[in-house]
Amino acid sequence: VSTQSTWEAVVSTQSTWEAVVSTQSTWEAVVSTQSTWEAVVSTQSTWEAVVSTQSTWGFDFHAKSSSQMLVGTEEGYLHLCNTAYTAEYARTFKGHKMAVYTVRWNPFHDATFVTASDDWTLKLWDVNEEEPVISYDLKTSVADVAWAPFCSTLFAACTSDGRVHIFNLQVNKNGPLVSQRIVKKDRLTHIAFAADSPILIAGNARGSVTSLKLSKRLLKGIETFTEVDAAAERERLEGVLAVTGSKVLDLEQAS
């Protein structure tokens, strides 16, 4: 009798124990992602430094260095950040006059990246230079840009007027090889290449996705989409950049 209250307490907590057991998978999921959480926590000060000073938009981590990333801001700045130096930015570029929507490192060349902005421009950069290598004026807000995963000189952008613009720097550095409107009554918001085929997909603000197959003219010099030689692709882009140099090429002024 004296232990009755104790047993009642044990029985009354049965639902609590069942709740603990039922959440076992949840706890296992938390434990399994410990390294992910540690990575997030370790970069917290970096993110706080970026967010506290300016509104951020697009960002991209370096393909070969998870501690290095580029961040685009609403004010048009580009910040090169490193989690090893959380007190300040490694470098800042004043690249655009309006918000930077997208930043993309080249998957084959460590120093090259491209940016898309609300100021109507798409810009190609060398991380070691203060000014862009090439600036393209697409006549309307540029929502997104993406590099092809199988070619270092091929990239595509989408704009708010429903157009897709496809560039191949090896074929023509002065502008897109194709600028095609694929939606008439809506704006495009995102663009991406298929990982192992010449397919491009673009999404619009209504939630629809359009699939496009690249023509042979756009794929000049590209022999494979799967077994890509990274060193050869790096040399391909370096050959183009060697001709262009680091001097800014503003195509609107040049024309």
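Tutor: A disulfide is a covalent bond between the sulfur atoms of two cysteines. For the search, a pair of cysteine sulfur atoms counts if they are within 2.5 Å. The model is predicted, and a search of the whole structure finds 0 disulfides.

Student: Is Cys81 buried or exposed, and what about Cys151?

Tutor: Buried means under 20% relative accessible area. Cys81 has 3% and is therefore buried. Cys151, with 0%, is buried too.

Student: What is the overall make-up of the protein chain?

Tutor: The protein chain has 7 helices and 16 strands. Of its 255 residues, 40% are buried. Among contacts with a separation of 6 or more, 45% join residues 24 or more positions apart.

Student: How do I read an aromatic pair?

Tutor: A pair of aromatic rings is described by the distance of the centres and the angle of the planes. This structure holds 9 aromatic pairs. Take Tyr136 and Phe167: their ring centres are 4.8 Å apart and their planes stand at 50 degrees, so the pair is tilted. Tyr136 belongs to strand β8 (residues 134-137) and Phe167 to strand β11 (residues 163-168), so that the pair links distant parts of the chain, 31 residues apart. Both Tyr136 and Phe167 are buried.

Student: Which arrangement do Phe150 and Phe193 adopt?

Tutor: Phe150 and Phe193 are edge-to-face, with 6.1 Å from centre to centre and 90 degrees between the planes. Phe150 is in the loop between β9 (142-147) and β10 (154-159), while Phe193 is in strand β13 (residues 188-193), so the pair ties together parts 43 residues apart in sequence. Phe150 counts as buried at 1% relative accessibility, and Phe193 counts as buried at 12%.

Student: Which residues form an aromatic cluster?

Tutor: Phe93, Trp105, Phe113 and Trp125 form one aromatic cluster. A ring can also have a charge over it: the charged end of Lys94 sits over the ring of Tyr77, 4.6 Å from the ring centre.

Student: Next, strand pairing. How many bridges join β5 to β6?

Tutor: Strand β5 (residues 100-105) and strand β6 (residues 112-117) run antiparallel and are joined by 5 bridges. The two strands form a hairpin with 6 residues between them. Val103 has Thr115 in β6 as its bridge partner. Tyr101 also lies in β5, and its 26% relative accessibility makes it partly exposed. The C-alpha atoms of Tyr101 and Val142 are separated by 7.7 Å, although these residues are 41 apart along the chain.

Student: Where does the pairing go from β6?

Tutor: β6 pairs with β7 in the antiparallel sense over 5 bridges. Ala116 has Leu122 in β7 as its bridge partner. The hairpin of β6 and β7 has 3 residues between the strands, and Trp120 in this hairpin takes a positive phi near 80 degrees. β7 and β8 then pair in the antiparallel sense over 4 bridges, with Leu122 opposite Tyr136 in β8.

Student: Why is strand β7 described as largely enclosed?

Tutor: In strand β7 (residues 121-126), 6 of the 6 residues are buried, so the strand is largely enclosed by the rest of the structure. Thr121, Lys123 and Trp125 point one way from β7, whereas Leu122, Leu124 and Asp126 point the other way, and all are buried.

How values were computed
Residues numbered from 1 in each chain as written. Predicted model: local features only at pLDDT ≥ 70, side-chain atom pairs only at ≥ 80, totals over all residues. Heavy atoms only, no water. Pairing = 2+ DSSP bridges. Buried < 20%, exposed > 50% of the residue type's maximum accessible area, 1.4 Å probe, protein only. Contact = heavy atoms within 4.5 Å. Phe/Tyr/Trp six-rings, centres within 6.5 Å; stacked < 30°, edge-to-face > 60°. Lys NZ or Arg CZ within 6 Å of the ring centre and 35° of its normal.
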